Amino acid sequence: MPERDADLLVVGAGPAGVAAAVMASSLRMRTVVVEAERPGEKLRSIGSLENVPGAWKTGPALAEALAADLAQHEASGRVRTVSGRAAAVAGYADRAEVVLEDGTVLAAGAVVVATGVTTLAAGDVDWIEAPDAGWLPPLWRADPADLADRRVAVLGADRPLGTWLRAHPDAQVHLDVFHVAAEQYKTDEVADDPRVRLDLVDGIRIAAVPNGLRVTASHPHGGEHVFVVDTVLTNMGSRPAALAGLEVGADGYCPPEMQHPRVLVAGDLKGARMQRIAVAMGDGSRAALAPYYQAQAVSV
């Protein structure tokens, strides 16, 4: 049997990944966490938390708490963090492996993959054409001070829009939010905010012009609306950050039942309905328990 680096590998140090590592450590499992950035990196741009137990008010506060939890278990000697980006995962009869981009191979009895989701870009959806507009930044990373006194178009009405507005209640901004019919139900929470103008479209074209970006909005009832804005931000949702070696369903997510028995997926990566921080944390803990109980059953 190849030498194992740990009892459990955890890929990703977001809410699900840290929860898995903490649970594994508490069960005296030797754990290696692979993370390309800081623990809780995506949380650090979430300005307002409303549905996470523990009285956390902001994403950065929760991110620091997760980092502290991980550091505490690292100090115990049961958790080790490897700085690197995972490229692939594989399960075998006697082990699970994670391959990093630099070629390093880590092996353990099982792996929990908690790589979550990544923000959709304009080129990822069929209702936006922006071939020469360059990279369009996501709304959830925007600083309201940079948007003051500017005409801003937001592509998509995904729920980060409401979170961003609640996180910056005094921001002096006006957002023209363009969305398709599939997102209509998500607009209720922002419909009464005077800083938002909602516009139902079936297509958007964006082109760079000397004084900004030209937006051409096509409406379901016919006709087009053409205007120039200073800034275009994206807010269309996300897609799974699946590693090579994972089995992917028709929707791009990674159902647990499709994976090798030694490869467990946790949190956002499992499905769109998992995309809540508290849900991801519980699911990460659950994933770490599976190989623990399996090992106990084998040893009895």
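Guide: Helix α1 passes α2 in a left-handed crossing, meaning the near helix is turned anticlockwise from the far one by less than a right angle. This is a predicted model, where local features need pLDDT of at least 70, side-chain atom pairs count only at pLDDT 80 or more, and totals for chains, interfaces and linings use all residues. Residues are numbered from 1 along each chain as its sequence is written, and side-chain values use heavy atoms, with hydrogens and water left out.

Visitor: At what angle do the axes of α1 and α2 cross?

Guide: Roughly 30°, with the axes of α1 (residues 15-26) and α2 (residues 59-75) coming within 10 Å. Axes are lines fitted to C-alpha atoms over the stretch in contact, and angles run from 0 to 180 degrees between N-to-C directions. Helices are DSSP runs of H or I, at least four residues, and strands are runs of E, at least two, numbered from the N terminus.

Visitor: So which label do α1 and α2 get?

Guide: They are therefore roughly parallel to each other, the label for angles under 35 degrees.

Visitor: Switching topic: what's the strand order in the open sheet?

Guide: β8-β12-β13-β14, with mixed pairing; two strands pair if DSSP finds at least two bridges between them.

Visitor: Which strands stand at the edges?

Guide: β8 (128-129) and β14 (224-229); each has a single partner strand, so one side of each is left without a neighbour in the sheet.

Visitor: How many bridges join β13 to β14?

Guide: Six, and the two strands run antiparallel. Ser218 stands opposite Glu224 in β14.

Technical notes. Parallel < 35°, antiparallel > 145°, perpendicular 65-115°, else oblique.
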